[in-house]
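Thank you all for coming; I would like to walk you through one structure this morning, moving from the chain as a whole to a few selected places.

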Amino acid sequence: MESRASDPPSPTSPSPSRSSSPPRIRRLEASVVNRIAAGEVIQRPSAAVKELVENSLDAASTSVFVSVKDGGLKLLLVSDDGHGIRHEDLPILCERHTTSKLSKYEDLQTIKSMGFRGEALASMTYVGHVTVTTITEGQLHGYRVSYRDGVMEHEPKPCAAVKGTQIMVENLFYNMAARRKTLQNSNDDYPKIVDLISRFAVHYMNVNFSCRKYGSNRADVHTVGGSSRLDAIRTVYGASVARDLMEISVSDDNPTRSIFKMEGFISNSNYLAKKTTMILFINDRLVDCTALKRAVELVYSATLPKASKPFIYMSINLPSDHVDVNIHPTKREVSLLNQDSLIDTIQSAIEAKLMSSNSTRIFQTQVVSSSLPTQISTRKDKEHSIANSGVQSQKIPVNQMVRTDSRDPFGRLHSYWKDGSQSSKQEKKSDLASMRSVVVARRNWKENTDFTSLDQLVREIDSNVHPGLLDIVKDCTYIGLADEVFAVLQYNTYLYLVNVVNVSKELMYQQVLRRFSKFNAIQLSEPAPLQDLLLMALRDEELETRGDETETNDDLKEKIALMNIELLKEKEDMLEDYFGIKMEDGSLIRLPVVLDQYIPDMDRIPEFLLSLANDVDWDDERECFQTVSAVLANFYAMHPPILPNPSGDGIRYYRKNREEVGLEAEILVDKSDEEQVDEELVAEAETAWSQREWNIQHVLFPSMRLFLKPPKCMATDGTFVQVASLEKLYRVFERC
């Protein structure tokens, strides 16, 4: 019987005895090593195209043509008009680590070409059939030769050829059954190839690019060299993209931070897309940079609608010795010196550019957020008028010196998170003009309504105002968020914690009553079926009250949902006329605009409809108006998003393997291990939380100063809590 002592033990077998020897270490055959390496370098057809196009650009080509059959598995054909390949170099062309780009390791410090390892062509010969046709300048004819496993199958044969090189790869992954089957079962790789060529065409605007399916008369990408960058973008991505782009440039030459120059185009606030398009070239090399992409998306998340993503083209140039190009098998990523400083500088430049483009925005759901300001002119005007009056202002004790202008954002928490270089930039004023015009238009709503019950509800609000809180609300300064529920504001020499949910709910309630029968509309993109939404709300309610162990009675839920639908159908005319809620054919069509520039969290629609059907007193007019307004207020209130906050320990909820490991083990997992995190869900959560914070600062607090009449109960129910007094703090410090 043959001995198996050298075989590794299976996971379920008992531990080997002390007499058994460890497995032997063997030197793999060259063919095995090369095939393993080839599978890593050429991961899919688009990776092969990228390597071939980069070789063409390194050869100083002015025209690159790509033809693809069956997503690249059957045929890849890349032709260029570059300088070609010498006849004497053809025998070693496809051997591993043969290259014309460098001769010693130190050359990597100053490398300018995209290729340098000499692995791409060799790898293709181990996973496909490669044929090369080339001619150099001055030759009477070209040469054609086929390669297999890194070596020529025959001597180069003379042939007719046009200037440059043509490389044909056939039957890609013919000897890797699992890889080929995976690619055949997945989506066609051709769109990835088109996207790749499109990116090269935008950057290399002096090169003619063409990409088409084999045998097709129509090219999916076709550009003519010599056009401008914006024209290249217009040709490749369309006029609708190009018209919403802004040119941007930024540089830094401080050796202690970073040395670089960036030029590019970014989308403005009018651009709408469901997916981020980021074209990034570093030293003319097409790469990805996850950290830079997230930093840019974070800026846009506060300025674009929830479902919209930006378009970015960037070309960054750095000294060659500041870039390490040899960190990724496919050269898709690079390592940068002082990367964090570089990203911060670019992020600040993009934010400033977006702020300056605020006037071009054409929708009204939100306003571009403001950046670091200086003291606004109103304070200067006040000082100027006092000086001209000849009255000497009274000296204020130092322990009572505070900001006196609630609109002056200097000193907010966000201003200390930014780079100090922006402190001289003027803040863009919040778009309150439109809000004030709406106030004027709605002040005479009583002239058009004669509901006594509505008048009573409004008078109750006016008579129940807490005068002290009203003063705070009218002249407070927003500082920042303390946590998920409380925000910090300043009034005179005091700091307060304010319950954002309670304040926004009360504001929405008062707004519903004051806008009664005068609502603008939020049109849903598609009608939302009431039955599906109500069933969803009933299931969520059951899970919250009874847990997962209780058996669900779907028949009962459907009956309850149908009863609620019948009730809402009976009241749909009244809901549309008085509250702007339009339902039709068993679907929700429109919602009211309760607060200008604000759209509620649409994930809470099921809960809203269930509450509308069950928590409203439909028999008494006064109670009906009050309860419908309360249900709307709860829906429109600025609750924390349903998705947990991914910052800090909240990231554990987004780990893909969180069911397989315990909570303690999850916290110990390295948070930089992005493979275990659902990045798409994390991005959605980050957008939701940043959007809420933006709404609180730029929509809720300005509206609160204009509209809110805080009831007396807010002084005692924890909605407003004083946490600090400047005078008392000075007394404490004086004792020290």
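This is a predicted model: local features need pLDDT of at least 70, side-chain atom pairs count only at pLDDT 80 or more; totals for chains, interfaces and linings use all residues.

Accessible areas here come from the Shrake-Rupley method with a 1.4 Å probe, and for residues only the protein chains shown count as cover. On that basis the protein chain exposes about 39200 Å², and carbon and sulfur atoms supply 49% of that area.

Residues are numbered from 1 along each chain as its sequence is written, and side-chain values use heavy atoms, with hydrogens and water left out.

I will call a residue buried under 20% relative accessible area, exposed over 50%, and partly exposed in between, with a 1.4 Å probe and protein chains only. Of the 736 residues of the protein chain, 46% count as buried. Helices (H or I, at least four residues) and strands (E, at least two) are DSSP runs, numbered from the N terminus, and the protein chain has 22 helices and 23 strands. Taking contact to mean heavy atoms within 4.5 Å, we find that among contacts between residues at least 6 apart in sequence, 71% join residues at least 24 apart.

Let me turn to the sheets, where two strands are said to pair if DSSP finds at least two bridges between them.

Is serine 315 buried or exposed? With a relative accessible area of 8%, serine 315 is buried, and leaving aside its neighbours within four places in sequence, serine 315 is in contact with His203, Lys261, Met262, Glu263 and Phe281.

A second open sheet has three strands in the order β20-β22-β21, with antiparallel pairing. Its edge strands, β20 (521–529) and β21 (582–584), each pair on one side only, and the twist averages 15° from one strand to the next. Three bridges connect β21 with β22 (residues 587–592), and methionine 583 has leucine 588 as its bridge partner in β22. Helix α17 (residues 572–579) lies across β21 and β22, at about 150° to β21.

Strand β1 (residues 63–69) deserves a moment. Five of its seven residues are buried, so β1 is largely enclosed by the rest of the structure. Six bridges join β1 to β8 (residues 208–213) in parallel, with cysteine 211 of β8 as the bridge partner of valine 66. Six bridges also join β1 to β2 (residues 75–80), here antiparallel, and lysine 69 is partnered by leucine 75 of β2. Five residues lie between the strands in the hairpin of β1 and β2, where aspartate 70 takes a positive phi near 55°.

My next stop is helix α18 (residues 605–614), where eight of the ten residues are buried, so that α18 is largely enclosed by the rest of the structure; among them are Ile605, Pro606, Phe608 and Leu609. Leucine 533, in helix α15 (residues 530–546), counts as buried at 13% relative accessibility. Leaving aside neighbours within four places in sequence, leucine 533 is in contact with Ala528, Ile605, Pro606 and Leu609. Leucine 533 and glutamate 607 are 74 residues apart in sequence, and 8.2 Å apart in space, C-alpha to C-alpha.

To finish at the other end of the accessibility scale, leucine 28 sits in the segment before α1 (30–41) and is exposed, with a relative accessible area of 51%.

Technical notes. Axes are lines fitted to C-alpha atoms, for helices over the stretch in contact, and angles run from 0 to 180 degrees between N-to-C directions.
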